[in-house]
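Welcome to this short briefing.

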Amino acid sequence: MNYPYIAYSPKIDIQPIFKNLMGDPMEVDMSVDSTIFDTIDVRDQKGFQKFLDDHMKNNHTWGVASYLENREIVLSQCPQMVEEQRFYHLGLDIIVPLATPLNAPLDASVKESGYEAGEGNYGGNVLLMHESPYFDTFYSLYGHLNKERLPAVGTHFKAGDPFAFIGDFHENGNWFYHTHLQVITQKGFDQGYLSKGYCAAKDLAIMDSLCPSPLSLFKV
């Protein structure tokens, strides 16, 4: 069975990555049509975090920002993205408080674990490999984590086990508090999508076979 159809199998029990999320999420628009960055500097992530805190207070305890969203404005100061025209977001951003633990959605082993330095990068990040007799092997990537509390490569986790924590500005690539959740197929892994959180418009037609929507892996 291929991802994402594992979500329909009674043999596969997908666990929440974040436990005890309550209520509706705040839906955060970071697309080219958003008005958020009319008043906030796109790289003032502390200012953006304050914006989120102010709007979520008494209304939401968590939030999301979309898969395949066109983030040309957000990435306008990233030369490599501009040169390659890679503006379409390949993950689901899940917005939760600083230091919130992440839990393995399925039984997993740590394929990669490390720190990507630099403004706008992943900071602390973990790649989990999911193998089962019930589905084809695939991977889930988590970015913007606490770099001091990363698991070692080769560590095994059961579904529901905590494996990492949301990182602060100095260690998460200088981003608002969230994780970038990206699903990567074996084909996508072989083609280098571990290091690509965005794609170009010309590649959208093939993304389902490389980095399909992570929504089926994200349970509340």
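Which residues line the second largest pocket? They are Asn2, Tyr3, Pro4, Tyr5, Asp136, Thr137, Phe138, Thr185, Gln186, Asp208, Ser209 and Pro212.

This is a predicted model, in which local features need pLDDT of at least 70 and side-chain atom pairs count only at pLDDT 80 or more, while totals for chains, interfaces and linings use all residues. Residues are numbered from 1 along each chain as its sequence is written, and side-chain values use heavy atoms, with hydrogens and water left out.

**Second largest pocket**
- A volume here is the space filled by probe spheres set on the points, and grid points are joined across faces, edges and corners.
- Strand S8 (residues 135–145) provides the largest share of this lining, 3 residues; strands (E, at least two residues) and helices (H or I, at least four) are DSSP runs, numbered from the N terminus.
- Sorted by class, the lining holds 5 nonpolar, 5 polar and 2 charged residues (Ala, Val, Leu, Ile, Met, Phe, Trp, Tyr, Cys and Pro count as nonpolar, Asp, Glu, Lys and Arg as charged, and the others, Gly among them, as polar).

**Largest pocket**
- The largest pocket has a volume of about 380 Å³.
- Of its 23 lining residues, Met81, Glu116, Gly120, Asn121 and Tyr198 are the closest to the centre.
- Helix H2 (79–84), strand S3 (86–89) and strand S11 (178–185) each give two or more residues to the lining, and H2 gives the most, with 3 residues.
- The lining has 7 nonpolar, 10 polar and 6 charged residues.

**His89**
- His89 sits in strand S3 and is buried, at a relative accessible area of 1% (buried means under 20%, exposed over 50%, partly exposed in between, with a 1.4 Å probe and protein chains only).
- The His89 side chain makes a polar contact of 3.0 Å with that of His180 and one of 3.4 Å with that of Arg71 (a pair of N or O atoms within 3.5 Å; within protein, one must be able to donate a hydrogen and the other to accept it, and residues adjacent in sequence count only if both atoms are side-chain atoms).

**Lys158**
- Lys158 lies in the loop between strand S9 (156–157) and strand S10 (162–165), and is exposed, with a relative accessible area of 54%.
- The C-alpha atoms of Lys158 and His170 are separated by 30 Å, with the two residues 12 apart along the chain.

Technical notes
On a 1 Å grid over the protein atoms alone, a cavity is a set of points where a 1.4 Å probe fits but cannot get out, and a pocket is an open set with protein on both sides within 12 Å along at least five of seven lines; lining residues have an atom within 4 Å of a point.
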